[in-house]
Amino acid sequence: MEIDPSARLGSNVVVGRNAVIESGVTIGDHVTIGYGTIVRSGTSIGNGVVIGDLTVLGKRPSGNKKKVLKPPERLPPLIIGDGSSIGSNCVIYLGVTLGADVLVGDLAGIRELVEVGESSIVGRNVIVEPHTIIGRFVTIQTSSYITSNMLIEDEAFIGPCCSTSNDKYMGSGSFVHQGPIVGRRAKIGNNATLLPGVRIGEKAVVGAGAVITRDVPPGCTFVGNPGRPIAGRRENG
Amino acid sequence: MEIDPSARLGSNVVVGRNAVIESGVTIGDHVTIGYGTIVRSGTSIGNGVVIGDLTVLGKRPSGNKKKVLKPPERLPPLIIGDGSSIGSNCVIYLGVTLGADVLVGDLAGIRELVEVGESSIVGRNVIVEPHTIIGRFVTIQTSSYITSNMLIEDEAFIGPCCSTSNDKYMGSGSFVHQGPIVGRRAKIGNNATLLPGVRIGEKAVVGAGAVITRDVPPGCTFVGNPGRPIAGRRENG
Amino acid sequence: MEIDPSARLGSNVVVGRNAVIESGVTIGDHVTIGYGTIVRSGTSIGNGVVIGDLTVLGKRPSGNKKKVLKPPERLPPLIIGDGSSIGSNCVIYLGVTLGADVLVGDLAGIRELVEVGESSIVGRNVIVEPHTIIGRFVTIQTSSYITSNMLIEDEAFIGPCCSTSNDKYMGSGSFVHQGPIVGRRAKIGNNATLLPGVRIGEKAVVGAGAVITRDVPPGCTFVGNPGRPIAGRRENG
């Protein structure tokens with residue numbers, strides 16, 4: 001392993017063979033970092049954090065001539081809260097803030113300027129795009145896709161393989177990109193499709209495989225393609 | 001590379017640069033292990049196995065405060081059968097048993113306590129959750145998601161991007177989690193959605209993009225959302 | 001890092017710690033290769049290319065007893081055009097040609113004998129199967145699946161989580177495998193499903209979550225399951 005002399009490590013830190021800790025990294029106490037994992041400059045890792053093998057932390061976004069949105073020149077560091085656990089073969093960018101006790105599964109990717117609240121789960125193979133806010137005690141299950149400019153409120157549950165989008169015109173121009181808003185304690189079934197900007201109300205339910213083209217009111221359940229209501233407001237969610 | 005002195009290697013074993021072989025690992029004859037691959041303690045690798053680069057074998061599950069199901073304290077080792085091939089950038093856990101001649105694609109993840117029968121294919125970017133049994137000569141194509149407590153019988157074919165689930169109440173409580181059961185020689189089309197506990201009968205067919213909310217009888221074909229039958233029992237599958 | 005003496009590196013090449021550059025690799029000027037990245041024999045990397053960490057370039061396909069299509073004995077090298085950018089934790093095979101200014105996201109996989117035209121984007125977690133041709137200025141968004149023997153024409157837009165297939169009989173025999181053909185400037189919504197061999201006409205639109213079972217004429221928009229037209233030819237796409 002290679003640890004830059006400017007990195008500050010707490011007590012009882014275990015760093016796996018072939019890991020790289022770049023300049024200005026801060027690591028708390030009782031932290032484990034796996035084999036071959038890369039911790040890029042400036043990353044801040046809290047106490048009691050466990051990082052898997054072969055993971056990249058604090059990656060800088062790269063541009064592309066075609067992309068409309070350039071990443072900002074300066075981004076804050078990646079911050080990982082106390083007690084969080086990150087899987088193996090993940091890629092997490094600069095400018096991400098993970099609260100305490102967050103779990104990120106293997107093979108997940110989280111882009112810049114994303115916030116994940118305490119005790120939330122970002123499942124394995126999940127990708128989260130930039131400028132998205134995920135609340136506290138949220139579950140995002142395996143292989144779901146969370147687009148940019150999306151809001152997921154506290155205690156929402158997103159099943160496996162869900163898909164979201166934020167661009168009504170599919171790359172036609174520079175329109176505002178607005179992802180879905182998933183309300184508090186809402187539940188989204190597996191492989192559901194959410195169109196740009198739809199609002200899933202508090203305690204609403206989206207059935208597995210549903211395609212949601214318009215807002216789902218609080219407490220309602222929508223199923224089918226296109227998604228339609230099957231039940232009224234539930235009494236006590 | 002770093003090979004623990006307690007590991008037992010057969011003849012003609014090639015271990016790539018920066019690979020790590022931990023304590024108590026057993027490796028057969030004529031085995032190739034790629035660059036930077038991590039083989040965790042106790043893993044057993046059969047004869048003629050090929051492992052790609054940057055893969056993690058024998059990972060221990062990590063807990064999380066929110067998770068209802070804690071991983072068991074002691075898990076059996078990861079066992080990889082003779083002639084199997086594992087891709088690059090995979091993550092495979094403790095307590096997995098892969099039969100002979102199994103193929104696991106790149107970027108795949110297999111959780112603890114999963115069995116995969118001989119000559120089956122777990123495609124690239126596929127994730128398999130814990131406590132699932134996959135039979136012999138099964139094909140699971142790219143990017144499909146296999147939930148926990150699922151049974152896939154011999155010679156079943158699961159197309160790409162299929163989604164399965166096991167929790168009818170989406171995280172609401174401690175109900176029994178039962179994944180789908182896919183019968184012998186059944187075929188599931190790409191991007192199909194299977195709800196918790198549905199049974200796909202022997203030689204049944206699920207169309208691409210179908211959402212299966214109830215059992216599909218043997219030999220029947222279901223399509224649409226929700227999935228409905230389009231044809232009776234086929235004569236000779 | 002380990003650089004084979006037969007590799008030819010241009011000026012201003014930065015190679016990260018623990019990277020491996022095998023024999024016969026050619027690297028242009030002003031190239032950055034991340035930590036732990038593997039560049040397999042014969043790979044050709046153009047000027048100004050940026051490669052992320054823990055990525056595998058130039059992988060050789062492996063066979064399997066069950067697979068009908070064996071990979072060819074000899075494959076041309078992986079060629080990466082000037083100005084392209086490859087993410088972290090990717091796996092790209094021998095026989096792939098990436099044009100100039102191509103962007104490949106993190107955790108993506110591209111199989112052998114695929115061509116990607118200049119300035120196209122292969123998003124993160126996208127998998128592209130063998131023998132597929134992707135034109136110029138194409139966008140393939142995050143987590144989409146591009147099957148083999150598929151053609152995507154110039155300036156097409158494929159949203160996130162789209163699924164394609166090429167085998168009408170789902171592994172039943174040795175029939176011809178033909179993937180979809182996506183025409184110039186066509187747009188595919190997120191989580192859409194394309195069946196084997198369907199043709200999406202020039203400037204046609206497929207709605208999010210649609211299941212496309214037959215050809216979509218040029219300029220038409222199809223939505224639903226099964227996909228049906230909702231609008232005639234658009235005046236000016």
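Q: Which residues have the most contacts inside the largest nonpolar core?
A: A:Val206, A:Ile212, B:Val206, B:Ile212, C:Val206 and C:Ile212. That core has 216 residues. A core here is a set of buried Ala, Val, Leu, Ile, Met, Phe, Trp, Tyr and Cys residues joined through C-beta atoms within 7 Å. Buried means 20 or more other C-beta atoms within 10 Å of a residue's own, with C-beta atoms placed from the backbone.

Q: And where does this core lie in terms of the domains of chain B?
A: Between domain 1 (1-61 + 77-119) and domain 2 (129-170 + 177-237), because both give residues to it. The bounds come from an automatic or database domain assignment.

Q: Before we go on, what's the basis of the model and the numbering?
A: It is predicted: local features need pLDDT of at least 70, side-chain atom pairs count only at pLDDT 80 or more, and totals for chains, interfaces and linings use all residues. Residues are numbered from 1 along each chain as its sequence is written, while chains are lettered from A and ligands numbered from 1 in the order in which they are written.

Q: Back to A:Val206. What does it touch?
A: Leaving out residues up to four places away in sequence, its partners include A:Ile188, A:Ile212 and A:Phe222. Contact means C-beta atoms, placed from the backbone, within 7 Å.

Q: New topic. How many residues do chains A and B put into their contact?
A: Chain A gives 34 and chain B gives 27.

Q: What about chain C against chain A?
A: There, 34 residues of chain C meet 27 of chain A.

Conventions. Contact = placed C-beta atoms within 7 Å. Buried ≥ 20, exposed ≤ 12 C-beta atoms within 10 Å, placed from the backbone.
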